Amino acid sequence: MEERDINNSTTDTDLQSVKSERQKQYQMIQKALREADYYSLTGEIKDKTVYAYVNDKVKTILYSNYSEEEYTYYYKIEPANPQETILKDKKGYFYYVYLFTDSYEVNPADPYGDIKKLILLVEKIKDNWIITELMYNI
């Protein structure tokens, strides 16, 4: 039996190992994004182990732009077709991440905030899954 992920970055005859690796990616992504949600509300990181899941560029995006006026929620992670992304020339697993950003002050132009779609790239570096890119999919 063989399964390929959406961008053919993994081909494995052992379906269980493919599912296991994919599950590890989802858990890592969820943990990193949950901490980013907490950071956007409090300006603090509860679990600093999330730094091991992201490279420096993504760390700056997720954990260094705290503002008391705004908060961000990340939700809905789904596999992405790399050909539909701006990162299509990279190798790894591609995911869409939807996010909602709003401010505590009512904005007459958009009082309900804005839902955006990010593209996230996960690569295996030294036997560990790392989020290496996180950017708007323009």
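What share of the 138 residues in the protein chain is buried? Buried residues make up 40% of them, where buried means under 20% relative accessible area, exposed over 50%, and partly exposed in between (1.4 Å probe, protein chains only).

The model is predicted, so local features need pLDDT of at least 70 and side-chain atom pairs count only at pLDDT 80 or more, while totals for chains, interfaces and linings use all residues. Residues are numbered from 1 along each chain as its sequence is written, and side-chain values use heavy atoms, with hydrogens and water left out.

**Whole chain.** Colour by secondary structure. The protein chain has two helices and six strands, in the sequence order β-β-α-α-β-β-β-β. Helices (H or I, at least four residues) and strands (E, at least two) are DSSP runs, numbered from the N terminus.

**Asp-37.** Select helix H1, residues 15–42, which holds Asp-37. Asp-37 is buried and has no salt bridge, a salt bridge being a side-chain nitrogen of Lys or Arg within 4 Å of a carboxyl oxygen of Asp or Glu. The nearest side chain of opposite charge is that of Arg-34, 6.9 Å away; Lys and Arg count as positive and Asp and Glu as negative, with His and the chain ends not counted. Now show Tyr-74: its backbone nitrogen is reached by the side chain of Asp-37 at 2.9 Å.

**Strand S3.** Select residues 70–79, the strand S3 in which Glu-70 lies. Glu-70 counts as partly exposed because its relative accessibility is 43%. Lys-76 is also found in strand S3; its phi is positive, about 55°, although Lys-76 is not a glycine.

Patches are made of residues with over 30% relative accessible area and no salt bridge, with like charges joined within 9 Å and nonpolar side chains (Val, Leu, Ile, Met, Phe, Trp, Tyr) within 5 Å. Next select Leu-41, Tyr-73, Tyr-75, Tyr-104 and Ile-115, which make a nonpolar surface patch of about 490 Å². Accessible areas come from the Shrake-Rupley method with a 1.4 Å probe, and for residues only the protein chains shown count as cover. Ile-115 lies in strand S5 and counts as exposed because its relative accessibility is 52%.

**Asp-127.** Finish at the loop between strand S5 (114–125) and strand S6 (128–136), where Asp-127 is found. Phi of Asp-127 is near 65°, a positive value in a residue other than glycine. At 67% relative accessibility, Asp-127 counts as exposed.

Methods
Polar contact = N/O pair within 3.5 Å; in protein donor to acceptor, adjacent residues only side chain to side chain.
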